[in-house]
Amino acid sequence: MTVETQTARETTRVFITGNCEGLQELCEALGRHAEIELVGRAEHVREGAGALTGGHLQAVLHATRSSALPAEEIAAIREYTQAPIVLLASGESSALLEEALDADVADVLLLPQLTENVAFAIRKASHSGRRNQSGRPQGAGRVVTVFSPKGGTGKTVTATNLSVAFAKYAGKRTLLLDLDLQFGDAAIMLGIEPEKTIQDLVTAPGELDPEKLSGYTTRHSSGLDVLPAPIRPEDAELVTEAKLARLMEVAKESYDQIVVDTSPFFHGPMLATLDQTDDLLLVCGLDVPTIKNVRLSMQTLELLSFPPDRIRIVLNRANSNVGMKRGEVEAALESKIRFEVPSDRVVPLAVNRSNPAVLSDPKSDFGRALREMSKSLLPAQAAKNGGKRRRLGRSS
Ligand SMILES: Nc1ncnc2c1ncn2[C@@H]1O[C@H](COP(=O)(O)OP(=O)(O)OP(=O)(O)O)[C@@H](O)[C@H]1O
Ligand SMILES: [Mg+2]
């Protein structure tokens, strides 16, 4: 008896959201396409919640009538699925194309298109999505370190909200590493209760590799992984510079973005992190002592041969009326401020509710500022800003 082998191609499971001119015809054509399995359609993302969840989809087609990037809808889709998103728009929309370059969007198609082209874009997106979810390295992860020489300037607020924005709104594999080793409070600001900390990881026997790292991180509801600070301050010294250097190497294999929260000191582990840092966010406020200390930190960084083009000054509580202006800070630091973050009531409220403000109040002034910051720190944008990775010339 001969067994005939079927070589039919796999179908790709797709869900369609939104609406635009030409979508109805396209849906009908895709419904008949042999390689596409149309799971369903919902004009409003939330109506499709049931079908979007569960991780079974291989792509989401989102149609928009807007000439700008439908960021809210993309974020809404991301609440339910990590499947690649292909955007559909009708007519010319160069602004959308430009914005989509930096967004968590696999492809953009302007209708009308041949059904075959759309089917190909869907299949291509689903293939790259599979690669992303397979855990294989996608090139070196980027490291954003948040530092300030003064306590209470907003390092942890910035680090937690920024990392959540990377994970949730840009769909990046993100690790938040709490290097405020004595008094780290990133976990508490995120409302997670970790079973393991960085101390457990560095004192565990055996070589550190990506699989081992994944056993010590705690997942936040945004998709962010967190490696918290030791529970007891006296355990901080177990986290040595050498251990940290290896941890950073492994983290860069496993994650797209690594955000490091720090204490107000240049200790050994912090120096090991600086070696690997692509963007150093130096958090400053509108007060003279902080500005003085930020200036001193810049001098220390220079002595450490940290490349100045990787320093980004963040002016936190930038709108506070305290008799000092942005220009005065820039003059004192002899440097431009790269990001302004407003003082916003939603921040202390969010801190006390252990739910980051970018999630609880994404449209607040603070939420918008942090989401903007996260976008401009993503690789495509960061490449435009220059800033190639180079090892530091430190000799210790
Ligand atoms: N932009 C802001 N608007 C309103 N409140 C803010 C803002 N940034 C920070 N805060 C408040 O300031 C407090 C201190 O911020 P945060 O804990 O992030 O500082 P830190 O630099 O990490 O301090 P430490 O050095 O002690 O770790 C927070 O609890 C928060 O309520
Ligand atoms: Mg802190």
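Q: What share of the contacts in the protein chain with a separation of 6 or more comes from residues 24 or more positions apart?
A: Contact means heavy atoms within 4.5 Å. Among contacts with a separation of 6 or more, residues 24 or more positions apart account for 76%. This is a predicted model, where local features need pLDDT of at least 70, side-chain atom pairs count only at pLDDT 80 or more, and totals for chains, interfaces and linings use all residues; side-chain values use heavy atoms, without hydrogens and water. Residues are numbered from 1 along each chain as its sequence is written, while chains are lettered from A and ligands numbered from 1 in the order in which they are written.

Q: Why does the radius of gyration of the protein chain agree with that of a compact globule?
A: The radius is taken over C-alpha atoms, and the globule rule is 2.2 Å times the number of residues to the power 0.38. For 396 residues the rule puts a compact globule near 21 Å; the protein chain has 23 Å, so the two agree. The C-alpha atoms fill a box of roughly 75 × 60 × 40 Å along the principal axes.

Q: Where is Thr-197 found, and which residues is it in contact with?
A: Thr-197 is in the loop between helix 7 (186-190) and helix 8 (198-203). Helices are DSSP runs of H or I with at least four residues, strands runs of E with at least two, numbered from the N terminus. Leaving aside neighbours within four places in sequence, Thr-197 contacts Tyr-216, Leu-227, Pro-228, Ala-229, Pro-230 and Ile-231.

Q: Which residues come nearest to ligand 1?
A: A residue is near a molecule or strand if one of its heavy atoms lies within 4 Å of it. Of the 19 residues around ligand 1, Gly-152, Lys-155, Thr-156, Val-157 and Arg-317 come nearest. Helix 6 (155-168) and helix 14 (346-353) each supply at least two residues of the shell.
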